[in-house]
Amino acid sequence: MSRKVLKKKSDAALEAVVKRYAVAVTDAVMETIDPDDPNDPIARQYMPSVEELTISPQESDDPIGDAVHSPIKGIVHRYPDRVLLMPVQVCPVHCRFCFRREKVGLDGGALSPRELKDALDYIRNTLQIWEVILTGGDPFMLSPRRIAKLMGELEKINHIKVIRFHTRVLVADPKRVTRELVAALESEKAVYVVVHCNHARELTDKVKIAVQLFVKAGIPLLSQSTLLKGVNDSTEILEALFRALTEMRIKPYQLHHLDFAHGTSHFRLSIEEGRALTSALQGNLSGIAQAQYMLDIPGGFGKIPAGVEWIKKKGDHYIVTDCKGCNTYYKGK
Ligand SMILES: *Cc1c(COP(=O)(O)O)cnc(C)c1O
């Protein structure tokens with residue numbers, strides 16, 4: 001085949017990818033991409049690839065089983081004490097490895113006023129719910145006015161004590177973080193913001209300014225990252241990411257093992273590789289900068305820590321492994 005034909009073939013393949021999973025990138029993200037680096041870790045997260053056409057057998061359109069735990073549209077209630085509330089299915093960017101890529105897209109809508117009322121009624125009527133986690137899509141795609149209104153509704157529910165926002169907006173579109181947005185989060189209840197960030201280079205000066213607005217308002221920030229081949233699959237990159245987050249007062253919270261979303265096998269590492277990377281950070285990186293490595297069990301069974309076990313029971317004692325890999329006995333109870 002001539003080169004020209006080959007190129008045409010891959011163009012058609014890429015078109016097929018983009019048709020299925022739309023591309024969205026912001027100016028702020030574009031500024032962080034090095035156009036001369038074919039392996040740029042930021043570009044890899046957002047630029048479509050023909051590798052997305054490869055579907056592996058474990059991959060699914062609902063990789064963590066949200067559907068089986070959705071009692072009503074816009075709510076996922078998997079754990080007794082907390083629910084996800086998804087008011088919108090839009091994002092400023094479309095990550096190529098997104099576990100909700102079948103739902104979040106250009107035509108991904110918002111809950112209608114009626115659906116939102118029903119979702120809030122479910123929260124109001126389910127007394128064991130202690131925490132509401134706003135996710136989506138990205139809840140910070142809502143206008144500050146709508147966020148304030150939603151906060152006002154949650155404020156009135158006595159059994160809700162904690163309100164958490166999961167967002168990519170801080171790193172992907174920091175100009176959306178305005179004083180009005182931060183003011184809308186003002187609450188009598190504990191409000192936390194969890195930032196999705198996978199590489200230290202995403203934390204630009206613009207992002208730092210946005211983060212400062214939350215810090216000044218007294219809103220604690222945590223992070224979540226996904227372990228991705230070709231993006232952050234080295235101890236050095238993870239260490240730089242967790243240090244940079246901690247220096248900005250964002251507490252590293254969870255490092256997710258990649259979920260089985262369709263067409264994501266080129267991002268996938270094994271659990272053994274994830275364990276080797278995360279255990280190498282133990283001891284060399286401050287405890288407050290450690291994120292917990294997590295697996296979301298396919299099928300809706302929830303998240304569990306996936307890192308190495310440092311303590312193993314052996315007969316009437318324990319074998320304890322230190323961070324240099326040396327085993328000792330622990331003879332206590
Ligand atoms: C991830 C997730 C949560 C939050 O889990 P934490 O471990 O508390 O961060 C809650 N509900 C559902 C359905 C989830 O998938």
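Analyst: Helices (H or I, at least four residues) and strands (E, at least two) are DSSP runs, numbered from the N terminus. The model is predicted, so local features need pLDDT of at least 70 and side-chain atom pairs 80 or more, while totals for chains, interfaces and linings use all residues. Residues are numbered from 1 along each chain as its sequence is written, and side-chain values use heavy atoms, without hydrogens or water.

Start with the loop that runs between strand S3 (131-134) and helix H5 (144-155), where Gly137 is found. Gly137 is joined to Gly136 by a cis peptide bond, with omega about 15°.

The phi angle of Arg249 is near 70°, which is positive although the residue is not glycine. Arg249 counts as exposed because its relative accessibility is 60% (exposed is over 50% relative accessible area, buried under 20%, partly exposed in between, with a 1.4 Å probe and protein chains only).

Strand S7 covers residues 250-256 and includes Gln254. Gln254 has 9% relative accessibility and therefore counts as buried. The side chain of Gln254 makes a polar contact of 3.4 Å with that of Tyr253. (Such a contact is a pair of N or O atoms within 3.5 Å; within protein one must be able to donate a hydrogen and the other to accept it, and residues adjacent in sequence count only if both atoms are side-chain atoms.)

Ala184 belongs to helix H7 (residues 179-184). Ala184 is buried as well, because its relative accessible area is 8%. Between the C-alpha atoms of Ala184 and Ile297 the separation is 34 Å, and the two residues are 113 apart along the chain.

Four bridges hold the antiparallel pairing of S10 with S11, residues 317-321. Ile311 has Val320 in S11 as its bridge partner.

Terms used
Two strands pair if DSSP finds at least two bridges between them.
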